[in-house]
Each structure stands twice: as C-alpha cells, then as structure tokens.
Amino acid sequence: MKTLQYSVKNPLGIHARPAALLAQACTDLKSSVTLECNGYEASGKNVLQILQLHAAKGSIIKFTVEGPDEEDALKKIEEVLQNIAPKDKQSRVLKVAFYGTKDYDRIFFSELSRDKGEGTYNVDIKYFSSRLTVESAHLAHGYDAVCIFVNDEAPRPVIESLAEGGVKLILLRCAGFNNVDMTAAKEFGITVLRVPAYSPYAVAEHAMTIIQAANRRIHKSYIKVKDNNFALSGLLGVDLHNKVAGILGTGRIGQIMARICKGYGMTVLGWDAFPNKKLEEDGLLTYATKEEVLRKADLISVHAPLIMGDGGTYHLIDEAAIRMMKEGVMLVNTSRGPLIDAEALIRGLQANKFHAVALDVYEGEDPNVYMDRSDEMIDTDIVARLTMFPNLILTSHQAFFTREALQAIAAVTMENARNFNEGLPYGMAEV
C-alpha cells in the first residue's frame with residue numbers, strides 16, 4: 001500500500017475536469033485508489049464520488065493506492081495533478097445542442113458542464129430528447145456544436161441545416177461515425193470528433209455474456225423456473241473449453257474478447273484487414289483468412305467497424321459466409337448491425353445452422369434503438385422474426401452500457417469540446 005498527500009492549488013478546487021481526468025486515469029489501473037478529504041471518502045474510479053469530496057483550494061487530499069501496479073499508479077496520479085492547473089487563457093463558453101438525451105446521459109454530462117471559467121470545460125449544454133434528424137436539425141440553430149449518438153442521423157441535408165444554423169462542431173459520444181456524411185461535413189467546415197475508446201471491456205464482456213446465455217438457454221430457463229417448471233428439456237448447451245473461437249476484427253474490443261475466450265480454454269483464430277502481428281507473438285491468437293476462420297470456428301464474434309462500399313465490411317456475414325460455417329456454430333455481434341445480413345441470418349436460423357446466436361445490434365434496428373415502443377405497433381417485422389427462434393438472444397444495443405463506459409464517454413466528449421474551443425490538438429478523436 002502506498003499513499004500520497006496533495007494540497008489543492010486550483011482556485012476552483014477539484015472541479016469537474018480534474019475529477020474526470022483523475023477518474024479516467026484510475027480506471028485504467030489494476031490497483032484500487034481511494035481519496036480522502038474533508039471527512040469524506042471516494043473511489044478514484046468514480047468521478048461523481050470525487051466531486052462529492054468538495055475539495056476546495058487549500059484542501060488536503062490523501063490518495064491511498066493498493067494493488068499490483070502501485071508505483072505506476074502514483075506516477076499517473078501525479079501526472080494528472082501536475083496538469084490540472086487553470087490556463088491563463090480565458091475561453092468563451094461553447095454552446096452545445098445535445099440530442100437524444102436520456103436520464104443516464106444527464107448524470108455525468110450535467111456534472112461535468114456545471115463549472116465555468118478558467119481551467120473548466122466551459123460548455124453550456126441544452127438537452128433535447130429528440131434524435132438528430134432532418135426534422136429536428138433546426139433545434140441546433142444558434143449553437144456552436146451538436147452532441148449526438150449512434151442512432152442520430154447526420155446525412156448531407158442535416159449537415160447543410162446545421163451549417164446554416166452556425167454549427168461548427170459535431171461531438172460524437174461514441175466511436176462509430178458511419179451515421180455522419182463526412183464529405184458534407186468537410187465541405188461545410190464542420191469538425192467531427194468522436195470517442196475512439198470508452199470501455200472495450202464492457203462490449204467484450206457483454207458479447208460473452210449474451211452468447212453464453214444463448215448457448216445455455218438462460219433466457220428460456222429463467223422463464224421456465226418462474227413458471228415452476230424445473231425440467232431440463234430445451235436447455236442443452238455445449239462446453240466452450242477446447243473449442244475454437246473466431247474473432248472477426250482484432251482491435252481493442254476484439255483483443256479483449258480473444259482474452260476472454262482464451263480464459264475459457266479456447267483456441268483463438270483472428271481475422272483483420274490490418275493484422276496486429278504482436279498478438280500472434282504474444283500467443284493470444286493465430287491469424288487466418290476470413291474463410292478459414294468461418295470454416296473452423298465453433299464460436300464467431302464480430303468486432304469489425306462498419307465500412308460501406310467495395311472492399312468494406314457491410315454484410316461481412318452474408319449467405320456465402322454462413323454456408324462456410326460449421327453446423328451448430330455460435331455467432332455473436334456487438335459491433336454494428338449491418339455487418340450481418342439479417343435476411344441471410346434468418347434463413348440460416350430456419351435451416352437450423354446455428355446452435356446459438358446472440359445479437360446486441362442487428363440490421364434494421366435504427367427506429368428501435370433506445371426507444372420505448374411497448375405501446376406501439378412496430379412497422380417492421382425484423383424483431384419478431386429474430387426473437388421467434390429459441391436459440392437466439394436479442395439485447396437493446398446495450399453492450400457499452402456500464403458506469404465506467406458512461407463516465408469515459410462524458411469525460412472524453414467534454415475534453416473534445418474543450419480542445420475545439422481552445423484550439424488544442426484532437427489526437428485520435430478527430431475523424
């Protein structure tokens with residue numbers, strides 16, 4: 001166990017931005033970090049708890065670090081503390097129209113945007129419940145920026161409307177940007193910034209959660225037991241141990257999924273348009289052609305970005321790909337819906353090709369994403385057709401949805417806004 005005492009020098013105390021930076025740094029550590037100040041205690045990984053310390057200028061914060069990377073942890077904390085002093089430069093407040101607002105968005109964004117002045121994020125947010133579409137784009141007129149999510153729409157007509165209204169920045173609170181017409185954005189001088197990574201662990205863990213639930217028929221078992229039916233018929237699963245996992249897309253999320261599969265005792269094959277040879281050198285996986293992965297894998301997990309056009313990943317899993325797969329294969333997608341041809345998947349399910357299928361995303365999901373449509377007549381049959389299969393589990397585009405991920409999304413999005421407002425480098429956030 002190691003400790004560090006810090007006297008708060010910032011005139012605004014440990015306000016939103018320092019709290020967010022500390023939480024982000026601590027989240028990446030294996031060691032646990034605890035902050036004590038004014039008789040209160042906070043987890044170093046929780047930005048809301050850090051803010052509740054009310055650490056004003058002159059307060060003494062005691063950091064306690066305990067775990068396998070204590071030395072590195074202290075260095076990272078010290079680096080953050082050295083870089084949280086306010087700048088001499090005073091920036092104007094950036095006005096942001098925030099689309100598709102949910103209650104859980106407000107939890108973090110409202111706290112991080114509360115402070116104004118030197119060294120803060122200097123952002124003023126107006127929340128709108130509606131998605132960004134052609135019909136709602138006018139709401140952003142008079143704002144400097146819009147903040148949008150995966151189910152918002154920014155094709156050329158929307159970009160044109162935003163530009164007419166004075167918008168100069170699109171803040172994506174997600175990693176994907178396929179819903180933004182980048183050609184139009186560049187043409188109208190609108191900067192597009194994203195959150196390149198928030199919690200790859202959340203997505204990979206959800207992928208394994210739902211494919212195992214489908215494999216072991218947890219959804220069916222839950223309902224049966226609620227009905228006092230304790231029979232095992234219809235619940236037969238398979239061991240993952242000594243099976244082959246195929247990872248399509250070996251970026252950060254794909255790598256974590258590969259490690260999870262490795263932990264189950266699986267042999268891992270990987271495919272990627274740009275292979276990372278270090279993963280082979282480290283013994284995590286073996287690269288193969290897409291066709292070889294499809295033919296050999298017992299479990300296929302899709303983690304590729306959605307790229308349209310020739311040579312892209314649209315319908316990466318199509319009729320031909322499904323034909324190549326083993327009988328009784330398991331398939332999971334937590335990336336983008338159109339990576340899998342929904343009609344081809346349904347035909348494969350009807351032909352009893354799959355032992356289990358788990359989808360957090362699916363082709364045609366856009367009208368449903370994050371919407372409560374329980375009192376509506378759904379005008380598409382895709383959900384009904386998918387959920388009629390007893391070996392398929394469908395979740396509501398929630399793979400990212402953990403406290404750590406929401407905290408990271410808010411912190412990085414606000415950093416992006418601040419960097420734009422102060423003319424600072426964007427790094428990996430720039431699209």
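Which residue, with a positive phi, follows α7? The residue that follows α7 is R217, and its phi is near 55°. The structure is a predicted model, in which local features need pLDDT of at least 70 and side-chain atom pairs count only at pLDDT 80 or more, while totals for chains, interfaces and linings use all residues. Residues are numbered from 1 along each chain as its sequence is written, and side-chain values use heavy atoms, with hydrogens and water left out. Helices (H or I, at least four residues) and strands (E, at least two) are DSSP runs, numbered from the N terminus.

Helix α7 covers residues 200-215, 16 residues in total. From its first C-alpha to its last, α7 reaches 23 Å, close to the 22 Å expected at 1.5 Å a residue; the expected span is 1.5 Å times one less than the number of residues. Of the 16 residues of α7, 13 are buried, so the helix is largely enclosed by the rest of the structure. Here buried means under 20% relative accessible area, exposed over 50%, and partly exposed in between (1.4 Å probe, protein chains only).

R217 is located in the loop between α7 and α8 (218-226). Its positive phi of about 55° occurs although R217 is not a glycine. R217 is buried, with a relative accessible area of 11%. A positive phi, of about 60°, is also found at N352, which is not a glycine either. N352 belongs to the loop between α13 (342-350) and β15 (354-359), and counts as exposed at 58% relative accessibility.

Helix α7 packs with helix α9 (residues 252-263) at an angle of about 45°, their axes being 8 Å apart. Axes are lines fitted to C-alpha atoms, for helices over the stretch in contact, and angles run from 0 to 180 degrees between N-to-C directions. The two helices, α7 and α9, are therefore oblique to each other; angles under 35 degrees count as roughly parallel, over 145 as roughly antiparallel, 65 to 115 as roughly perpendicular and the rest as oblique. The crossing of α7 and α9 is right-handed, meaning that the near helix is turned clockwise from the far one by less than a right angle (left-handed if anticlockwise). In the contact (heavy atoms within 4.5 Å), P200, Y201, V203, A204, E205, A207 and M208 of α7 meet R252, I253, I256, M257, I260 and C261 of α9. These residues divide into 11 nonpolar, no polar and 2 charged, where Ala, Val, Leu, Ile, Met, Phe, Trp, Tyr, Cys and Pro count as nonpolar, Asp, Glu, Lys and Arg as charged, and the others, Gly among them, as polar.

Q255 also lies in helix α9 and is buried, with a relative accessible area of 18%. Apart from neighbours within four places in sequence, Q255 contacts T250, N276, L279 and L284.

On the α4 side, Y104, F108, F109 and L112 meet R403, L406, Q407, I409, A410, A411, T413 and M414 in α15. By class, this contact of α4 with α15 has 9 nonpolar, 2 polar and 1 charged residues.

N421 is also part of helix α15. N421 is buried, with a relative accessible area of 16%. In sequence, N421 and R17 are 404 residues apart, and their C-alpha atoms are 15 Å apart in space.
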